[in-house]
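Subject: Structure for your files

Hello,

Please find the structure below, with its sequence. My notes on what turned up in it follow.

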Amino acid sequence: MIATDVIEYFKLCKSSVETCNEALGMAVGAIEKQVPKKVNSKFSSHAIYDNGSYIDQLNISTFECPICGVVLASGEIDKSDCVRIHYCDNCGQALDWSDTE
């Protein structure tokens, strides 16, 4: 939902309490998306073998949006590689890449 849609709903509030409640709900949802939420992190390790001989270890990190679950970044990376991603491209949620609770 974009801001112009919310504005139009507020203009319609004059005609209906139900429409006003819907507009307020949309406004709250839009504002909540501006509050950064912690990114979901998943880590996995995979051994690489060639003809049965161990060669190396591959460590994969996957970072997902906490709201819609879309993959924001994945690969041999860490959070410091992703801090320039401020919002989810799919749902618009603001993202928090910090490690603190």
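Isoleucine 48 stands opposite aspartate 56 in β3. Please keep in mind throughout that this is a predicted model.

That pair belongs to the β2 and β3 pairing. Strand β2 covers residues 40–50 and strand β3 covers residues 53–64; the two run antiparallel and are joined by 11 bridges. They form a hairpin with 2 residues between the strands. Asparagine 51 sits in this turn and has a positive phi of about 55°.

Strand β3 also pairs with β4. These two strands run antiparallel as well, with 4 bridges between them. Here phenylalanine 63 is the residue that stands opposite alanine 73 in β4. The hairpin of β3 and β4 has 6 residues between its strands, and glycine 69 takes a positive phi there, near 80°.

For the overall layout, the protein has 2 helices and 5 strands.

Where does glutamine 93 lie? It is found in the loop between β4 (71–75) and β5 (95–96). Is glutamine 93 buried or exposed? Glutamine 93 has a relative accessible area of 2%, and because buried means under 20%, it counts as buried.

Which backbone oxygens lie within polar-contact reach of its side chain? The backbone oxygen of valine 35 is 2.8 Å from a polar atom of the glutamine 93 side chain. For the backbone oxygen of lysine 33, the distance to a polar atom of that side chain is 3.4 Å. Leaving aside residues up to four places away in sequence, glutamine 93 touches a number of others. Among them are Glu32, Pro36 and Lys37, and also Cys65, Ile67, His86, Tyr87 and Cys88.

Some totals for the whole chain, to close. Of its 101 residues, 23% count as buried. The exposed surface comes to about 7,200 Å², and carbon and sulfur atoms supply 53% of that. Among contacts with a separation of 6 or more, 31% are between residues 24 or more positions apart.

Regards

Methods. Residues numbered from 1 in each chain as written. Predicted model: local features only at pLDDT ≥ 70, side-chain atom pairs only at ≥ 80, totals over all residues. Heavy atoms only, no water. Buried < 20%, exposed > 50% of the residue type's maximum accessible area, 1.4 Å probe, protein only. Contact = heavy atoms within 4.5 Å. Areas by Shrake-Rupley, 256 points an atom, 1.4 Å probe, with all protein chains shown as cover. Polar contact = N/O pair within 3.5 Å; in protein donor to acceptor, adjacent residues only side chain to side chain. Pairing = 2+ DSSP bridges.
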